[in-house]
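Dear colleague,

Please find below the structure that I am handing over to you.

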Amino acid sequence: MTLSRPDRRATLGLLAGAVATGLAGCGRREEGITRLTFWAMGNEAASVPQLLPEFERLNPGIRVDVQALPWTAAHQKLLTAYAGDSLPDLSQVGNTWVAEMAAIGAISALPAFASDLLTDQFPAVLETNRIDGRVVGVPWYVDTRLLFYRSDLLAQAGYQSVPPTWAGWKQALHAIKRRVGEDRYAVLLPLNEFEQLLTFGLQGDAPLLRDQDTRGNFSSPSFVTALAFYKSLFDEGLAPVATGAQIANVWTEFARGWFSFYFSGPWSIGDFKNRLGPETRWMTSGVPGPDGLGASAPGGSSLVVYSSSPRQEAAWSLVRYLSDPAVQARFNVITGNLPARQSAWSAPAVADDPYIAPFKGQLARAEAVPKVPEWERIVTEMQIVAERMVRGEYTPETAAAEIDRRADRLLEKRRWMLERGRA
């Protein structure tokens, strides 16, 4: 059953509290030139202008104005711009925002003339952009989390590679712990981050939400198993009971061996290369699972065209250009972002980097997370409950029930909308 699309008046009610800003989102036509407004975030906003001269040479009737938004404010500014009818022609959005933007009717579905952009994509990443059977965003760059580890310390503990199963990996962690001593740890799992537990939870065979994504399913046996495994890493002294704020500097602590394993994404490759000296040997590896290498959540950013833009064809032509494998390979050189198009991974800068190679296998095993607007709030509640579990307030079973209770509360409106649609 497809959820009914809310009208703008209802949506504005949901967005009450968003402070109106003067963001100018409209493209304009002057002297025969169509001007597109493109909002981008962070490093991408600073780097994408290097790609645009070639686009404008190939499309002499189009010019692109890039507006940079900080990641910390981008989500709210997009919602505020929607409320104020001042969205740009197109923008970069985090993959987990796609469902929310689609739910309020802000973004256009992929037109038939751009359907070839669906080929050559990582399936799980593309799935995050498919809402109610329609593709509404095109992956721009991809990421996921896997293990960064001290290959020298692992070798000293008697292992030449990371064991692919939970049981084998935990044995390796204990071997490292015995070698480094009581004042150091084997793995860092910051308690104020949800991503590590989510990764463990994705190894199960049960979905994280049930009943058409209207209720939590965290009490499933597979997720309770994941909670128990996560908790055991703290109970057995393999991970410090600490938040990220208590870690002065991740690279310094990694270099001195305070921990040997760290979950992170491709954005950390450049940091590790630049901040760690040659005496610190490290590598990346796929995520262990209960029975072999396991899944992780797909991430990255997508390109969306807003339904309010009168320049749909021009906007989609920019999406097509930025999705070209050769352009994505060049963008990787500029930013370090991993290309969304799989064929771009054959470019030397990507193919010849040993730290990048495990990411392709991990992305092939990625599992899309539930596509509901409430998802980011749900995983935040999951993280809060999991921290209290680690600190002794819950067992894995009672923690799972509490996460379900909180998820059900957050999904109450979704259940109401679904029942209304049925009626």
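**Helix packing**

The axes of helix H17 (residues 375-390) and helix H18 (residues 396-410) come within 9 Å of each other and cross at roughly 155°. Here helices (H or I, at least four residues) and strands (E, at least two) are DSSP runs, numbered from the N terminus, while axes are lines fitted to C-alpha atoms, for helices over the stretch in contact, with angles that run from 0 to 180 degrees between N-to-C directions.

Please note that this is a predicted model, in which local features need pLDDT of at least 70 and side-chain atom pairs count only at pLDDT 80 or more, whereas totals for chains, interfaces and linings use all residues. Residues are numbered from 1 along each chain as its sequence is written, and side-chain values use heavy atoms, with hydrogens and water left out.

H17 and H18 are therefore roughly antiparallel to each other (angles under 35 degrees count as roughly parallel, over 145 as roughly antiparallel, 65 to 115 as roughly perpendicular and the rest as oblique). Their crossing is right-handed, a term for a near helix turned clockwise from the far one by less than a right angle, anticlockwise being left-handed. On the H17 side, the residues that meet H18 are Arg 377, Ile 378, Glu 381, Met 382, Ile 384, Val 385, Arg 388 and Met 389. Their partners in H18 are Pro 396, Ala 399, Glu 402, Ile 403, Arg 406, Ala 407, Arg 409 and Leu 410; contact means heavy atoms within 4.5 Å. By class, the residues of this contact are 10 nonpolar, no polar and 6 charged (Ala, Val, Leu, Ile, Met, Phe, Trp, Tyr, Cys and Pro count as nonpolar, Asp, Glu, Lys and Arg as charged, and the others, Gly among them, as polar).

H18 also packs with helix H10 (residues 221-235), at an angle of about 120° and with the axes 9 Å apart. H10 and H18 are therefore oblique to each other, and their crossing is right-handed. Phe 223, Val 224, Leu 227, Ala 228 and Lys 231 of H10 make this contact with Pro 396, Glu 397, Ala 399, Ala 400 and Ile 403 of H18. It comprises 8 nonpolar, no polar and 2 charged residues.

**Nonpolar cores**

A nonpolar core is a set of buried Ala, Val, Leu, Ile, Met, Phe, Trp, Tyr and Cys residues joined through side-chain atoms within 4.5 Å. The largest one has 79 residues, and those with the most contacts inside it include Trp 169, Phe 200, Tyr 230 and Trp 375. Apart from it lies another core, of 30 residues, among them Leu 52, Trp 140, Ala 314 and Tyr 321. Residues up to four places away in sequence aside, Tyr 230 touches Leu 189, Leu 191, Leu 197, Phe 200, Ala 386, Met 389 and Val 390.

**Loop residues**

Gly 289 is placed in the loop between strand E13 (283-285) and strand E14 (299-305). At 0% relative accessibility, Gly 289 counts as buried (under 20% relative accessible area; exposed is over 50% and partly exposed in between, with a 1.4 Å probe and protein chains only). Beyond its neighbours within four places in sequence, Gly 289 is in contact with Pro 164, Thr 165, Trp 166, Gln 203 and Gly 294.

Asp 85, in the loop between helix H4 (71-83) and strand E4 (90-94), is exposed, with a relative accessible area of 53%. Its phi is near 55°, a positive value in a residue other than glycine.

With kind regards
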